[in-house]
Amino acid sequence: MGHGDQGWLVRVIADDDTLRQERLTRDLYNELQKANGISVGFVEGRADVDEGHKGGLAGDVALWAAVTAAGRQTSQVLMTLIKEWCTRERHRKVEVTVNNASVTITGRPDEAQERIVRSLLERVAETRYDEEKEAE
């Protein structure tokens, strides 16, 4: 993916509209570039997408994001930026994958989606904590 210790795969879902997906992905990329503690770039070759993943088609565009600053707050900032970007247009959808877990964020979030996002962030924090303990 990229550099940093917490790798995220961020994929804008635009059904079968590749041009719209690319345009929206570039827009999201520009938004995430502004954040401190987050590195972001375009996934090359889709090699890190599991076989059978719907997004593995030629022409699919995705981003990697790496949380370079320690702490749960930076992961929360990343998710908040993605959620805010999605809410600008109610039809936007972004699939976020980290630590073999994923969540789809929409422009019209509901309480269930919020619970899933919180659960994902808790798992990320636990994984980071476990990795730090092993490194000691």
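**Terms and model**

I take buried as under 20% relative accessible area, exposed as over 50%, and partly exposed as in between, with a 1.4 Å probe and protein chains only. I am working on a predicted model, in which local features need pLDDT of at least 70 and side-chain atom pairs count only at pLDDT 80 or more, while totals for chains, interfaces and linings use all residues. Residues are numbered from 1 along each chain as its sequence is written, and side-chain values use heavy atoms, with hydrogens and water left out.

**Overall layout**

I counted elements as DSSP runs, numbered from the N terminus: helices are H or I with at least four residues, strands are E with at least two. The protein has three helices and five strands, and from the N terminus on they run β-α-β-β-α-β-β-α. Of the 136 residues, 39% count as buried. I then looked at contacts (heavy atoms within 4.5 Å). Among those between residues at least 6 apart in sequence, 62% join residues at least 24 apart.

**Helix 1**

Helix 1 has 16 residues and reaches 22 Å from its first C-alpha to its last. That is close to the 22 Å expected at 1.5 Å a residue, the expected span being 1.5 Å times one less than the number of residues. I looked up which residues of helix 1 are buried and found Gln21, Leu24, Thr25, Leu28, Glu31 and Leu32. They lie on the same side of helix 1 because they cover an arc of only 120° around the axis, taken from the directions from the helix axis to the C-beta atoms. On the other side of helix 1, Leu19 and Arg23 are exposed.

**The sheet**

I count two strands as paired if DSSP finds at least two bridges between them. The five strands form an open sheet in the order 2-3-1-4-5, with antiparallel pairing. Strand 2 and strand 5 stand at the edges with a single partner strand each, so one side of each is left without a neighbour in the sheet. Direction ignored, neighbouring strands are turned by 25° against each other on average.

Strand 1 and strand 4 pair over five bridges; in strand 4, Val96 is the bridge partner of Val10 and Thr97 that of Leu9. Helix 1 packs on the sheet, touching strand 1, strand 2, strand 3 and strand 4. The direction of helix 1 makes about 155° with that of strand 2; axes are lines fitted to C-alpha atoms, for helices over the stretch in contact, and angles run from 0 to 180 degrees between N-to-C directions.

Strand 4 and strand 5 pair over six bridges, with Glu95 opposite Thr104. Their hairpin has two residues between the strands, and Asn99 takes a positive phi near 50° there.

**Cores**

I define a nonpolar core as a set of buried Ala, Val, Leu, Ile, Met, Phe, Trp, Tyr and Cys residues joined through side-chain atoms within 4.5 Å. The largest has 28 residues, and those with the most contacts inside it are Trp8, Leu28, Met79, Ile82 and Val94. Helix 2 gives the largest share of this core, six residues. A second, separate core of five residues includes Leu9, Ala62, Trp64 and Ala66.

Last, I looked up Leu28. Leaving aside residues up to four places away in sequence, Leu28 touches Val10, Val12, Leu63, Ile82, Trp85 and Val94.
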